Amino acid sequence: MNFVYQSPQNPNSHLTVKERNQASFPVRFLLQTNLIYGRVLDFGCGLGTDVEYLRNQGFEVTGYDPYYFPEIPQGKFDTILCLYVLNVLLPEEQAHVLMAISELLQPDGRAYFAVRRDIQKNGFRFHVKRGVNVYQCNVRLPYRSILLTKNAEIYEYRHYNRLPHSNPHNCPFCAPEEERELLTESASAYAILDKFPVSPGHALIIPKQHLASYFDLSFHTKTALWLMTDRVKELVSEKYHPDGFNIGINIGTSAGQTIPHVHVHLIPRYAGDVENPRGGVRGVIPEKKDYL
Ligand SMILES: [Zn+2]
Ligand SMILES: [Zn+2]
């Protein structure tokens, strides 16, 4: 499997790369404003022009590109650049890039996403010079915009639990504590370990939107939650090596919901962790769990 998911429907995105002989506009802007520091990762670096430029300026820079520089980046980074990458990716691929970057970022680090603002038409188009179909789309992120021109926008991303949140519902999931380790994050959801785990690696996948019932979420948000659940399953498996999983959502106090903000429980299971696991989630009604 690839380090970051690439859809078979979008095999030519690497051909949208542009050859440049100077640093890109976002890199020049971020340098001018002193926003690049520490260990730097250029995620989707293409041919690596910005990587080379920043190295010559004395920065410690790693370049990653699934096609041109496929070596998987190691460790965490203080600054991550993701410049004009999301515009050429399908929505599902974008979500995976956002998750990967959140996982590679130091808890107090910052990532910068540059997206194009001059795209007239969303979808596949014929790239005359390359002779293939390539995808492009407009991208808007719920992150802080630090620059908007008629051609481009730059967003600054920090981990969700490092941002100030107005929290009118006084809800623990609308304003997760800074000390909690963020497992991963996308534009519409994030994941953390449960504060009172029922088993090692018990994780919660939480939409950013404050809604009590799973059934009230949009199709888009539901999709984002399940995409993230799959990703968290991989992260938990690497670290805890469970033998199985239960997935559960409590909807309504009668069903045991205590926090009125949707969350998916991903509960790793281990051989022998209970005397008789037969029936699994049926155990919410204990007498009915073990059926014949
Ligand atoms: Zn909430
Ligand atoms: Zn819960």
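Histidine 261 counts as buried, at 0% relative accessibility; buried means under 20% relative accessible area, exposed over 50%, and partly exposed in between, with a 1.4 Å probe and protein chains only. Histidine 210, at 24%, is partly exposed.

Before going on, the basis. This is a predicted model, where local features need pLDDT of at least 70, side-chain atom pairs count only at pLDDT 80 or more, and totals for chains, interfaces and linings use all residues. Residues are numbered from 1 along each chain as its sequence is written, chains are lettered from A and ligands numbered from 1 in the order written, and side-chain values use heavy atoms, leaving out hydrogens and water.

Histidine 210 sits in the loop between strand E11 (203-207) and helix H4 (219-240), and histidine 261 in the loop between strand E12 (244-248) and strand E13 (264-269), so the pair ties together parts 51 residues apart in sequence. Helices (H or I, at least four residues) and strands (E, at least two) are DSSP runs, numbered from the N terminus.

Last, the sheet. Six strands form an open sheet in the order E2-E1-E3-E4-E8-E7, with mixed pairing; two strands pair if DSSP finds at least two bridges between them. Its edge strands are E2 (60-64) and E7 (144-148).
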